[in-house]
Amino acid sequence: MIKAIQKQPLFLLLLPVFFVVHGMLENFGFIPFPDAAALCLIYLVAAILLAAIFYLFFRSVTKAALMTSLCMGIFFAFGTLQDFLHQHITNRSFTRYSILLPAILLLLIIAFWRIRKTKNALHRLTGFLNLLLIIYLLVDIGWIVVKTISPDKEKFSVYAFEEKNQYKPCDTCSKPDIYFLLFDEYASSASLWERYQYNNDLDQFLTAKGFTIQPQSRSNYNFTPFSMASILNMAYLKGIQDPSAISAEDYARCNELIRHNQVIKFLDIQGYDIVNYSIFDLAGHPSQVSQSFLPLKTKLITDRTLFARINRDIGWLLSQYFPFSLFTHFNILTDRNNNNLFIDLTGRAAASKRKRPAFIYTHLYMPHPLFYYDKDGRERNTDTLYRELAAPVAYHTYLDYVTYTNTRIKELVTTLQRANPAAVIMIMGDHGFRKDGLQLTSPYFFTNFNAVYLPGKTIVPPTSGVNQFRVVFNELFHQSIPLLKDSCIFLQDKQPSHP
């Protein structure tokens, strides 16, 4: 064992394992072991293949492993290095990819030349790297065991709802189907007129269909997972350590709150089936779409890698050139395909026959960027979509997509009311429009669309998303849930701003 540590390049395999294990520790409780194992296996295979290529040049397993580990170390640590430079270097020119990537390439060329020329057997360096990574791994595994045995008491959560408000089954209520149609980043009609003089004809259409619209509606948070966690739990979030530095862990905690939200718990008691046509998993009702090749939760680890950062920051630019265009054009259409799928499934749900009432949650990324269609329903060029990822979007492009979105909403509402006239329909945005170069804390980030249809009843939607289901449940199921004070909490990402 000691000889293997001293002479065998175990660090080639230890480095990917350490990277994944350390990511699990940093995001403890949010990355299932099977997902982490799949990610680790991918990195191990990549390391072995890259080492095999370098072996053709070095004819030495140790040298090939060393060069491979250097490449993978840079790949793994790039996000951490980039964040450090952003925080400590005022001259932003040194953090540009036009500087960083050539510098990394030069470093690798020099390392390749030095490793190839050296006559040293590299036993001391091999032993040091092996021992260092083994120690790091044991420490991280130890902390994971400690956290498993004694988990942190303070969790990101919602203010207790169920403790203060006992759910009351209503045996005499009619219990119609409920459609919760969430249109991401759909701003209120009042704000669209105030900002852009856009006359939203959707208001007139919905009013004629029996909807009541809340012109002063506000979201409680300006980021989707936080807004949805609040809406679906009928409560404000607690445990946000720093609203000005939201981390990946905070996003993961929101996903857990959405998964086990109070709305579906309440409706389950009322005898409802839950139908999930969203990108979020609900307890017992996982999302019907896959977001990427890797398991979604492992993005908490992979988002710091070189590939993830390049794709995030300049992927729109690289996508215009071969061979990058081969890998990007399909991914950029994921949300478009999901939108079309969910709209189709929602329409079908209205025509299906069930023994129990259903709650259908449909979450559509529209009119949220990317703006896949113009106002007349024509598809927009994918290169244009990538360019729009990197800069503030011209407001008229958003308005054109609102017009297209309205067309789909009108079609969907007509379908639902024709097939299921007794159904309750809520049409809501999770926050306002945020990508036209507004000042960082603009109140327009919170102005969201909100319209509700209750057959045979007139209900005024609340001005705050946190009260949406409190109002609806009070009316439908004869509850007495008190309304919360309206409040807008501005959030900002910890990482440098990005699309």
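Start with the salt bridges: a search of the whole structure finds 13 of them. A salt bridge here is a side-chain nitrogen of Lys or Arg within 4 Å of a carboxyl oxygen of Asp or Glu. Side chains of opposite charge can pair when their charged atoms come close.

Before you click further, note that this is a predicted model, where local features need pLDDT of at least 70 and side-chain atom pairs count only at pLDDT 80 or more, while totals for chains, interfaces and linings use all residues. Residues are numbered from 1 along each chain as its sequence is written, and side-chain values use heavy atoms, with hydrogens and water left out.

**Stop 1: a salt bridge.** Select glutamate 185 and arginine 434, whose closest N and O atoms are 3.4 Å apart. Which parts does this pair tie together? Glutamate 185 sits in the loop between strand S2 (178-183) and helix H7 (189-196), and arginine 434 in the loop between strand S7 (424-428) and strand S8 (450-453), so the pair links parts that are 249 residues apart in sequence. Helices (H or I, at least four residues) and strands (E, at least two) are DSSP runs, numbered from the N terminus.

Stop 2: Next, select Leu50, Cys71, Phe75, Leu108 and Leu306, the closest to the centre of the second largest pocket among the 14 residues that line it. A pocket is an open set of points on a 1 Å grid over the protein atoms alone, with protein on both sides within 12 Å along at least five of seven lines; lining residues have an atom within 4 Å of a point. About 480 Å³ of space lies in this second largest pocket, a volume being the space filled by probe spheres set on the points. How does its lining divide by class? The lining has 14 nonpolar, no polar and no charged residues; Ala, Val, Leu, Ile, Met, Phe, Trp, Tyr, Cys and Pro count as nonpolar. Helix H3 (33-58), helix H4 (61-88), helix H5 (97-117) and helix H13 (306-318) each give two or more residues to the lining.

Technical notes:
1 Å grid on protein atoms, 1.4 Å probe; cavity = no way out; pocket = protein on both sides within 12 Å on 5 of 7 lines; lining within 4 Å.
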